[in-house]
Every structure is written in structure tokens, then in C-alpha cells.
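Let's take a walk through a protein and look at how some of its charged side chains pair up. Have the sequence and the 3D view ready.

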Amino acid sequence: MGLPAVWGALAISYKMACPLAQENGIGARVVTSAVFLAVGAGLIVHIRRALLRELRQIRRIAGAAQNVLLRPLPPRIDGLDIAAAQLSADHGASIGGDLYEAIATEHGVRVVMGDVRGHGLGAIGTVAAVLGSFREAAHDEPELGGVLRRLDRALARHLRERDRAEHAFAGPESDHHAAEEFVTVLLLEIRGDGEVHALNCGHPWPYLLTRGRVRPFVRAEPLPPLGPFPLPARLSAEFCGRLRPGEGLFLYTDGAEDARDARGRFFPLLPALAAAVRDGPVEPQAVLRAVFTGLLRHTGGRPDDDVALLVLHNDRRPLALNHGRVSQHVPR
């Protein structure tokens, strides 16, 4: 407040002490108006600069918080090359309702990809609840089904607490119901020998990427999304086959397939993937860049829904026979 006070003091001093300010002639009035105009302009410039500094600080804090929540993945985990990115449909938010994480555990590399109903800032609390639960359960639970149950309980607890808080704030007339919320979740477990096991709750299955070819990795029917329906009493992870050296997996949220151009046409995701691996090996960063570039061009830079993409590439060396025993070599 120091500078505005100085400007105000100058204006008052001029009005009270300057003889010219006491005159009623047209020239005196023009000068007085110019002085007060200059004082007002100075105050506006100062306030604008202060607000811009505060806005930059808020954005830095928000960016740091968002990076903690949806932290950048390392480029390599246990012999797997990884690239991931997310695009929020809400202007000013770097994350929205999509989530992903990959963690090396004693059970293999465990991956989650999910999509919260809705997008933008309103879904961030649900993203935090699901990701926080996964980051603990991935290490603690020996079976993938146990991880999924932990995520389901964390989501239910979060929705109950949020529903109580919103009901208390909005009063008995609030029409929000936690039962309307749901999250699609895909869990993968990639073991050291390349075996892939999965549990899918309403999420798109990944694509298998090989040099010059793209095909669906799994065609099984997924479970319902988390939230509206209870999980079955028995959860058995789906054996999806092996991810062989040189092959990759492309995980995505439905915002990638549902993105439309100005004429209402859907984004051609499969042709974009095929073009990305047509002339060379599977490189996660290159695949990610090609798909995002095509998607932004297709939507004119303004997708209507959040989009998250994650690409895994098996860079482990092929299985080798060593004194009658099979061993897996992982480059460091």
C-alpha cells in the first residue's frame, strides 16, 4: 500500500497547497484534471502490476500442487520406456479428471489409467483419492484384485465425505448425489518375463504397438466402472499375453477417441497410431507427440474433454538360455 498512499498524498497536497488548484479558470481546471488523471493512471498501473504478480504466484503454487498430484513419470521403469501426458479441457488447469501412474513393485510394474466422470477442477479431489490409494496398494497388495478393492474403498470413502460436506454447505435442498459419480479404471501388471495381467472397470483396453502394426491388446468384456456397482466377490486378473521386447502398449482415456472436429467427426485414433509406428520402432515420446499433434489439429486446439495418454515400450533384452536356465536381461 506504500505507493498508492504516496500517489494519494501527492494528489491531496496539490489540491490543498497549490495556488493553481484554487483557481477557477479553464487553464487551471485543465491542469488540475491532468494531475488527477495522472494520479489515477498511476494507481491503476500499480494495482495491475500487483495483481499480475499475485496471479503468477498463484499459478506457480497451483502448478507445483498439480505436479505432486499427477507427478511426471520417469522415462524408464524396470526395463520399460515410458512416456505420458495429460491435456485438461478446462482453461488454466494442467490436470483434470484423467489419471495415470506407473510404479515398479516386487510383483512387477503396476500401471493405473483412469477417467473420473466430468473434468477439470471439480474432479481433482476424486483423482487424488484414487491415485493416493493406488500408490500405497500397488506395493502392499500381492494380487491385482486387492489393489482394485483398495481403490474402490478409497473412492467410496471420498464420495461419502464429499457428499456430506456439500450437503452441509448447500443445505437439505442440495440435489447432488455421490451415487452419480463413477471412475473408469484400468490396472495392468507387467511382470519381469513380459506377462501382462489386467483388471478393467469400464475403461478402454490398450492397443499393442509393434513396428508397422497396431492392434487391440485385449478383447474381453470389462467390469462396470467403480462407484455405481459393487465389485464381484471374486476378482481374477485377466491374463493378456506377453509384452515382448520391442513391443509397446498405448493406454488412453476416451477423450482421445471422442474428440471431434468442427464438423462433428471423431478423431481417427487408430490411423494416427498406425502412422506413428509405420516407419520405425516403437518410441514412446514420438508416439505421444504424433497423437497429441494430430488430436490438437483435429479439434482446432480445443478438445471438449480431458485426454490422457501413456505409452509403454519393452526395452528388455530377449530371454537367454544360461546353463539350462532361462534368464531375463534388463539393460540398466
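Start with Arg 110, which is buried, with a relative accessible area of 0% (buried means under 20% relative accessible area, exposed over 50%, and partly exposed in between, using a 1.4 Å probe and protein chains only). Keep in mind that this is a predicted model, where local features need pLDDT of at least 70, side-chain atom pairs count only at pLDDT 80 or more, and totals for chains, interfaces and linings use all residues. Residues are numbered from 1 along each chain as its sequence is written, and side-chain values use heavy atoms, leaving out hydrogens and water.

So who does Arg 110 pair up with? Arg 110 makes a salt bridge with Glu 189, with the closest N and O atoms 2.7 Å apart (a salt bridge is a side-chain nitrogen of Lys or Arg within 4 Å of a carboxyl oxygen of Asp or Glu). Arg 110 sits in strand β4 (residues 108-116) and Glu 189 in strand β5 (residues 183-190), so the pair ties together parts that are 79 residues apart in sequence. Helices (H or I, at least four residues) and strands (E, at least two) are DSSP runs, numbered from the N terminus. Glu 189 is buried too, at 3% relative accessibility. Through shared partners, salt bridges join Arg 110, Glu 189, Arg 191, Asp 193, Glu 195 and Arg 242 into one network.

Next, hop over to Arg 135 and Glu 101, whose side chains meet in a salt bridge (2.7 Å, N to O). Both of these residues are buried.

Finally, Asp 78 and Arg 316 meet in a salt bridge at 3.4 Å, N to O. Here Asp 78 is partly exposed at 36% relative accessibility, while Arg 316 is buried at 2%.
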